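Hi everyone, and thanks for coming.

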Amino acid sequence: MNILVTGAAGFIGSFVAARLLADGHTVTGIDDLNSYYQTSLKQARLDRLTPNPNFQFQRLAVNDRAGMADLFAGPRFDRVIHLAAQAGVRYSIEHPEAYVDSNVVGFLTILEGCRAQETPHLVYASTSSVYGANTVQPFSPRHDVDHPVSLYAATKRANELMAHTYSHVFGLPTTGLRFFTVYGPWGRPDMAAFLFTRAILAGEPINVYNGGKMRRDFTYVEDVAEAVVRVMDVIPEPDPTWRSDLPDPSRSSAPFRIFNVGNSQPVELDRFIGVLEGLLDRTAIRNDLPMQAGDVLETSADTSELEAAINYRPTTDLETGLANFVTWYRDYYGE
């Protein structure tokens, strides 16, 4: 198939694109290569993809309305996998404009392009952050998610609502995937595995919030890519059992679905740090800090609906995933 992957130079996007190419698909990748973190890492991810003749790359921001309109005026995409976004919970507190520009305006250009092309299926990234103030564990796609605690989460929830509107009004099949704390080789420098590894090797303190007593459903990046690739061929259809008097937010009378993508095995941050210390053979210097605004105490994914739909659930355990990350980090940075 001919597939568009936005955010192709990003962490998850580069793995999804690589998997699609390995399966023999033609992939058009776009990314704006912005400076949220080092562009050299983004370029290095792209360098893994560009030797494949079935990969074409265009530097393009998803909120560039004219550029995106031109892209969708070209050959029709059989699938659109939208992974480009301004990520990060804490960054959204200080830079809210970046999130609206990329995550809201950018998603609108995707929806409009898919509507114009009558794309058979749009798969897009959401986040576990949408669960916000909800404390019922594990998080289910059927839960209420209307109390976000960060602007990042609010923009991603907005994406889900916008997708439903286009599914309802235009019949565009859309599937949202709520990713749970993705980690692994080639990961983002603003996330825990990268931040902690860099600091521990440099003998610098790591910031540990809430005494390390937070739990996260860490999900390995290759497991996430597998789920994305499988989901793209499960095109949602209107659910004839959906009830408007008892609405299930994960599905609809329109061709619309939402799934969790998580490991379903939440890990306490203290254990995460301990595994890294063992792999690095170093003891972390801890700088203990209180909970930050926008953070939540725990994330845990109910992935039963995803498993039923694609016959797959993430399986990589934390020790294996972090070992792979550390091996990559030391090789990439020569440490």
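Let's begin with arginine 115, which makes a salt bridge with glutamate 112, their closest N and O atoms being 3.0 Å apart. By salt bridge I mean a side-chain nitrogen of Lys or Arg within 4 Å of a carboxyl oxygen of Asp or Glu. Please keep in mind that this is a predicted model, where local features need pLDDT of at least 70, side-chain atom pairs count only at pLDDT 80 or more, and totals for chains, interfaces and linings use all residues. Residues are numbered from 1 along each chain as its sequence is written, and side-chain values use heavy atoms, with hydrogens and water left out.

Both partners of this pair sit in helix α5 (residues 96–117), three residues apart, about one turn of the helix. Helices (H or I, at least four residues) and strands (E, at least two) are DSSP runs, numbered from the N terminus. Arginine 115 is partly exposed because its relative accessibility is 35%, and glutamate 112 is partly exposed at 30%. For these words, buried means under 20% relative accessible area, exposed over 50%, and partly exposed in between (1.4 Å probe, protein chains only).

In total, the structure holds 24 salt bridges. Another one joins arginine 142 to glutamate 305, with the closest N and O atoms 2.6 Å apart. That pair links distant parts of the chain, 163 residues apart: arginine 142 is in the loop between β5 (122–127) and α6 (151–170), while glutamate 305 is in helix α10 (residues 304–310). Which of these two is buried? Glutamate 305 is, at 13% relative accessibility, whereas arginine 142 is partly exposed at 45%.

Next, aspartate 146 and arginine 157 meet in a salt bridge of 3.4 Å, N to O. Aspartate 146 lies in the loop between β5 and α6 and arginine 157 in helix α6, so this pair ties together parts that are 11 residues apart in sequence. Aspartate 146 is partly exposed at 46%, and arginine 157 is buried at 13%.

Now for the backbone. Most residues other than glycine have a negative phi, and most peptide bonds are trans. Here, though, the bond from glutamine 137 to proline 138 is cis, with omega near -5 degrees. Proline 138 is found in the loop between β5 and α6.

Glutamate 118, in the loop between α5 and β5, has a positive phi near 55 degrees. Glutamate 118 is exposed, with 60% relative accessibility.
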